[in-house]
2 protein chains.
Amino acid sequence: MSLLVIGTVAFDAIETPFGKTDKIVGGAATYAGLAASYFYDKVKIVAVVGDDFPESEIADFRAHGIDTEGLQVKKGEKSFFWSGKYHNDMNSRDTLATELNVLADFDPVIPESYQDCEYLMLGNLTPQVQQTVIRRLKDRPKLIVMDTMNFWMDIAMGDLLETIKMVDVLTINDAEARQLSGEYSLVKAARKILTMGPKYLIIKKGEHGALLFHEDKIFSAPALPLAEVFDPTGAGDTFAGGFIGYMAKVGTVNFHNMKNAIIFGSALASFCVEKFGTEKIKNLTDAEVSDRVQAFVQLSSFEIR
Amino acid sequence: MSLLVIGTVAFDAIETPFGKTDKIVGGAATYAGLAASYFYDKVKIVAVVGDDFPESEIADFRAHGIDTEGLQVKKGEKSFFWSGKYHNDMNSRDTLATELNVLADFDPVIPESYQDCEYLMLGNLTPQVQQTVIRRLKDRPKLIVMDTMNFWMDIAMGDLLETIKMVDVLTINDAEARQLSGEYSLVKAARKILTMGPKYLIIKKGEHGALLFHEDKIFSAPALPLAEVFDPTGAGDTFAGGFIGYMAKVGTVNFHNMKNAIIFGSALASFCVEKFGTEKIKNLTDAEVSDRVQAFVQLSSFEIR
């Protein structure tokens, strides 16, 4: 039994009002894999990098108990690179550069040892590639969580809708929920999206928390108010990884457990934004994670009889 | 012992994507007074109207148990009138007309029978008039809650800061908290504002809920996701009125009770936006209110051991 994470493993160069980085390690599978590893010890990744990707970073994955057999290293090629600059509000950003490199013809090979996958996290990628991974698993996983973004709605809506049909949980932000459904009200948007395939929809609202929709039920999770958001890159991937890692740990798929999973995912995401890149979420102790989860409990609990 | 509400009692003409109204009754004291009346039976209002204001509407206040001795009716003058049009997102609006009329030289007279005021709600008004009310009460109320808006920050910041010094709880929205503090982070904004006088700060975030700050504690309250927001006018006033009405009912001022008060205020505000003007909050049953509060409990509860 394992948790399979597919997504990018890549380089980012980030500029925020607090500073800027050279090329540092990023990518959806990096963040999601690291986050999931705090809750579940059989995390495996499928991704592709060039031979410019440092072996020491791959060793870091392994140090977190992450299986990297499915991480292809392409000789003589370069890793995916993204560069962006955040605005002062930290909620919007400009993309300065996107170099697909190895990602341009990524063929996600699933090692035989990965066929025990019970939990599948489809990190943000071409919907076609996400779908290929589902098709290449001999048994359908117990839980498929898919992250995506507006970019694919703009250029590959057909493929996206086909892939969405195949998953259990979709995670998108509020603007993307509106774009995907054509509804401004998030309640109406969720109702529509829940007819497209997923049984659960998570709408991520950044500093405003997240909403989970399932049948006629809604759960509203807070975000931890932070004095400083240092670098929001990877927060959504970290959230998704923490979410599915917690679900794999508890093992039963239901609304009750998903509410908790959202709190655990939010807790990890709140760490992610405190430093550049993966710096913070690479080096957490279990005590830090559980203290942060308790901060969420404190933040949102009230007693009405 | 009583709860005194000061604010506007006025006419509004409202246009939303769902329709438009002729002149209907509105005003901060109207919404806050009605909301408070669901939790506390000694609500008294101080406000001013012209003789164009229908006697039947004043009778409606009395039917809700609201004392109107402090509602001045100016012969031969006209009531305050505001007209606005909401944009499609319902979060922004254009003011089409503002006619101050009786409000231009409002002198808030406190009837002798109002001197038993223990809870004071300063609805959005000129900070100078809000301050006058505090000064005209012989005994300082046990709890003073003040609502205000960016307009006063633009044109009367000095007066506003002086009035803020005198209150216990300040309620403003996120943009206003940023404007008042000069800080983008709401945590930093709150820290600064809590040095300006209030011991409690409530930041209203509309569809994203509300945050309560006190010392180093934070409470995050959800907003009920609604399929349709019909008319947001008065939601903030209704929230504030429900908040202080609940505080008056429980009688002990502390963080724990304020968390519940925010939920009760949010529940009433969620009704307010379902119809034009005061239509919905004029006609609620206790069962409807308590069902709605339970919906908030359901919405935000999770169990992590």
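A:Thr68 counts as buried, because its relative accessibility is 8%, where buried means under 20% relative accessible area, exposed over 50% and partly exposed in between (1.4 Å probe, protein chains only). The model is a predicted one, in which local features need pLDDT of at least 70 and side-chain atom pairs count only at pLDDT 80 or more, whereas totals for chains, interfaces and linings use all residues. Residues are numbered from 1 along each chain as its sequence is written, chains are lettered from A and ligands numbered from 1 in the order in which they are written, and side-chain values use heavy atoms, with hydrogens and water left out.

A:Thr68 lies in strand 6 (residues 67-74) of chain A; helices (H or I, at least four residues) and strands (E, at least two) are DSSP runs, numbered from the N terminus. Apart from neighbours within four places in sequence, A:Thr68 is in contact (heavy atoms within 4.5 Å) with A:Ile45, A:Ile58, A:Phe61, A:Arg62 and A:Tyr114.

Strand 9 (residues 117-122) of chain A has 5 of its 6 residues buried, so this strand is largely enclosed by the rest of the structure. Its pairings, for which DSSP must find at least two bridges between two strands, are set out below.

| Partner of strand 9, chain A | Sense | Bridges | A bridge pair |
|---|---|---|---|
| Strand 10 (residues 143-147), chain A | parallel | 4 bridges | A:Leu143 and A:Tyr119 |

The contact between the two chains draws on 36 residues from chain A and 37 residues from chain B. About 3100 Å² is buried between chain A and chain B, with carbon and sulfur atoms giving 56% of that area; buried area is the accessible area (1.4 Å probe) that two parts lose on being put together, summed over both. On the chain A side, A:His208, A:Phe302 and A:Ile304 lose the most area to chain B, together 20% of what that side buries.

Across this interface the rule finds 4 salt bridges, each a side-chain nitrogen of Lys or Arg within 4 Å of a carboxyl oxygen of Asp or Glu. A:Lys188 forms a salt bridge with B:Glu228, their closest N and O atoms being 2.8 Å apart. Helix 6 (174-181), helix 7 (186-193), strand 14 (217-221), helix 9 (255-272) and helix 10 (286-300) of chain A each supply at least two residues of the side that touches chain B, and helix 10 of chain A gives the most, with 6 residues.
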